[in-house]
Amino acid sequence: MTLAEIAAKLGCTVEGDGAIEITGVAGIEHGAPGTITFLSNPRYAVHLKTTAASAVVLGPKANNPGLPALRSDNPYLTFAQVLELFYQPPRPPAGVHPTAVVATTARIGADSSIGPYVTIGEGVTIGDRAVLHPHVCIYAGVSIGRDFLAHSHAVVREYCRIGNRVVLQNGAIIGSDGYAFAQRADRSHHKIIGSGIVILEDDVEVQAHSSIDRANFGETRICRGAKIDSLVQIGHSCTIGEDALLCAQVGVAGSTHIGKRVVMAG
């Protein structure tokens with residue numbers, strides 16, 4: 001599509017030749033003819049003079065050495081939206097694969113795709129347009145909203161509640177038992193059962209091989225829009241605030257409360 005067509009779709013201003021044809025996206029140092037790149041960090045401005053990309057997404061005040069450009073108030077976000085115009089992950093067809101095991105009391109919404117070897121327990125409800133890739137396991141009593149996406153080997157344990165547009169990457173575990181033991185007189189350990197649940201609110205994403213423990217009683221809650229990176233451990237009875245970002249290898253001890261839009265590095 002042309003640069004002008006991209007601008008019209010994303011509400012940007014075109015600078016230079018809007019008729020130039022864009023066939024893909026690339027990083028500023030790896031641009032090639034036909035690709036569009038972006039500049040959001042001024043440190044990389046020097047590469048604008050040498051990039052082979054055909055066009056660039058720029059902020060409103062960034063200097064342009066003469067490339068066709070899209071002007072945007074948020075060039076990083078705009079570039080993410082451009083990327084979506086050129087690539088969409090394959091979506092499997094709607095329906096239940098014959099190897100999936102789905103309890104008779106489970107209810108699955110319209111236009112959902114239940115892949116090979118998926119297991120869905122008794123009393124589960126899943127909203128419309130869900131995609132469950134092979135080997136996903138949903139335990140009994142789970143409630144899941146619309147547009148759920150679970151990649152292979154993700155697990156949602158019993159009675160947990162998941163909102164709309166939640167994404168679980170490969171191997172994410174929602175509702176595992178908390179690490180909670182009471183010590184006996186002989187110093188051996190008695191397991192404290194996790195009778196509570198995990199709640200993932202709308203637009204939460206949990207990346208690969210992260211684990212969110214169920215509460216011993218009550219709930220562990222991940223609030224709307226929070227993004228949990230790979231290899232993150234969240235202990236029982238925690239609350240993670242709206243739009244928080246927890247980067248890879250963060251560990252959060254039980255009963256911790258984290259506020260809105262907090263960023264935690266690994």
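Please keep in mind as we go that the model is predicted.

Let's start on the inside. The largest nonpolar core has 41 residues, and those touching the most other members are Leu132, Ile138, Phe148, Leu168, Leu200 and Ile234. Let me pick Ile138 from that list. If we set aside neighbours within four places in sequence, Ile138 is in contact with Thr119, Ile120, Gly121, Val124, Leu132, Ile144, Phe148 and Val156. There is also a second, separate core, made up of 13 residues, with Ile6, Ala7, Cys12 and Ile22 among them. As general background, nonpolar side chains in soluble globular proteins tend to be buried together.

Now please look at strand E4, which covers residues 55–58. Which of its residues are buried? Ala55 and Val57 are buried on one side, Val56 and Leu58 are buried on the other, and both faces of the strand are covered. E4 pairs with strand E3, residues 35–38, in the parallel sense over three bridges, and here Ile36 stands opposite Ala55. E4 is also joined by three bridges to strand E5, residues 69–71, and these two run parallel. In that pairing, Val56 faces Ala69 of E5.

Next, the pocket. The largest one has a volume of about 360 Å³. Its lining consists of 15 residues, and Pro89, Pro90, His133, Leu149 and His151 lie nearest the centre. What classes of residue make up that lining? We find seven nonpolar, four polar and four charged residues.

His135 is not a glycine, yet it has a positive phi of about 70°. You'll find His135 in the loop between strand E12 (131–132) and strand E13 (137–138). With a relative accessible area of 37%, His135 is partly exposed. Ser255 is not a glycine either, and its phi is positive at about 65°. Ser255 sits in the loop between strand E30 (251–252) and strand E31 (257–258), and its relative accessible area of 44% makes this serine partly exposed.

Ser255 also brings us to another histidine, His236, because the two are in contact. His236 belongs to the loop between strand E27 (233–234) and strand E28 (239–240). Is His236 buried or exposed? His236 counts as buried, because its relative accessibility is 17% and the cut-off for buried is under 20%. Not counting residues up to four places away in sequence, His236 touches Gly178, Tyr179, Ala180, Asp213, Arg214, Ala215, Asn216, Thr220, Gly254 and Ser255.

My last stop is Asp177, in the loop between strand E19 (173–176) and strand E20 (181–183). Asp177 is partly exposed, at a relative accessible area of 30%. Leaving out residues up to four places away in sequence, Asp177 touches Arg157, Lys191, Asp213 and Arg214. How far apart in space are Asp177 and Ile212? They are 35 residues apart in sequence, and from C-alpha to C-alpha they are 8.8 Å apart.

Note on methods
Residues numbered from 1 in each chain as written. Predicted model: local features only at pLDDT ≥ 70, side-chain atom pairs only at ≥ 80, totals over all residues. Heavy atoms only, no water. Core = buried A, V, L, I, M, F, W, Y, C linked by side-chain atoms within 4.5 Å. Buried < 20%, exposed > 50% of the residue type's maximum accessible area, 1.4 Å probe, protein only. Contact = heavy atoms within 4.5 Å. Helix = DSSP H or I, 4+ residues; strand = E, 2+ residues; numbered from the N terminus. 1 Å grid on protein atoms, 1.4 Å probe; cavity = no way out; pocket = protein on both sides within 12 Å on 5 of 7 lines; lining within 4 Å. Points joined across faces, edges and corners; volume = space filled by probe spheres on them. Nonpolar A, V, L, I, M, F, W, Y, C, P; charged D, E, K, R; others polar. Pairing = 2+ DSSP bridges.
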